[in-house]
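This briefing covers one protein chain, from its overall fold down to single residues. Please keep the sequence and the structure in view while reading.

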Amino acid sequence: MADETKKKWANPEESIHQAIARWAAKCADRVLPIFEKQRPGDDRPRAALKALRAWEDGTLPMTECRTAAFAAHAAAREAAAADAPAAVAAARACGQAAAVAHMFDHAPHAAAYASKAAGLHNGGDEARIAERTWQWENLEPELRPIGFPGGPQ
């Protein structure tokens, strides 16, 4: 594809970027206890959300959020090796949420992993759907195309 026909990617304006980051963090926060119960002593997913909040208030650069996101994903890989799938999904939700500081389009992935963690931990599809419903209802309508690019699931 020629450079002149390539679509230029960009984050949305700062207020929208931060609003979608806050929502992604809330989604991940809801399942963080699943990870912490199954993987006590591993604070990397919690640290990723803390980093995202520091980025939101302007006290941490985006690059530090990215580093924290990578660490949360490393925690997820270790949880996978320990056969803890709900913890894996919860850690990935935190990692994807922290990555929103870098690219806003990580937000839907944070939400999807959060709902997966809820379903794995709480008995399946009913819990997963309930989490998706909460996510939809707690995202401002004008941001729903970002958080749910394929519509509500």
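Contact here means heavy atoms within 4.5 Å. By that criterion, what covers the buried residues of α3 includes α1 (14–38), α2 (44–56) and α4. The model is predicted.

**Overall fold**
- The protein chain contains seven helices and zero strands, and its pattern along the sequence reads α-α-α-α-α-α-α.
- The radius of gyration is 15 Å, close to the 15 Å from the globule rule for 153 residues, so the chain is as compact as a globular protein of that length.
- Along the principal axes, the C-alpha trace spans about 45 × 35 × 30 Å.
- Among contacts between residues at least 6 apart in sequence, 65% join residues at least 24 apart.

**Burial, surface and charge**
- Of the 153 residues in the protein chain, 46% count as buried.
- The chain exposes about 8100 Å², and carbon and sulfur atoms supply 53% of that area.
- There are 19 positive and 20 negative charges in the protein chain, and their mean positions are 3 Å apart.

**Helix α3**
- Helix α3 has 20 residues and reaches 29 Å from its first C-alpha to its last, close to the 28 Å expected at 1.5 Å a residue.
- The buried residues in α3 are Cys 65, Ala 68, Ala 69, Ala 72, His 73, Ala 74, Ala 75, Ala 76 and Ala 79.
- An α-helix has 3.6 residues a turn, so residues three or four places apart point the same way.
- Elements that cover the buried residues of α3 include α1, α2 and α4.

- Asp 83 sits in the loop between α3 (62–81) and α4 (85–99).
- Phi of Asp 83 is near 55°, which is a positive value in a residue other than glycine.
- Asp 83 has a relative accessible area of 67%; the cut-off for exposed is over 50%, so Asp 83 is exposed.

**Gln 135 in α6**
- Gln 135 belongs to helix α6, which covers residues 125–137.
- The relative accessibility of Gln 135 is 0%; buried means under 20%, so Gln 135 counts as buried.
- Leaving out residues up to four places away in sequence, Gln 135 touches Trp 23, Cys 27, Ala 111, Ala 114, Ser 115 and Phe 148.

Conventions:
Residues are numbered from 1 along each chain as its sequence is written. This is a predicted model: local features need pLDDT of at least 70, side-chain atom pairs count only at pLDDT 80 or more; totals for chains, interfaces and linings use all residues. Side-chain values use heavy atoms; hydrogens and water are left out. Helices (H or I, at least four residues) and strands (E, at least two) are DSSP runs, numbered from the N terminus. The radius of gyration is taken over C-alpha atoms; the globule rule is 2.2 Å times the number of residues to the power 0.38. Buried means under 20% relative accessible area, exposed over 50%, partly exposed in between (1.4 Å probe, protein chains only). Accessible areas come from the Shrake-Rupley method with a 1.4 Å probe; for residues, only the protein chains shown count as cover. Lys and Arg count as positive and Asp and Glu as negative; His and the chain ends are not counted. The place of a charge is taken as NZ of Lys, CZ of Arg, CG of Asp or CD of Glu. The expected span of a helix is 1.5 Å times one less than its number of residues.
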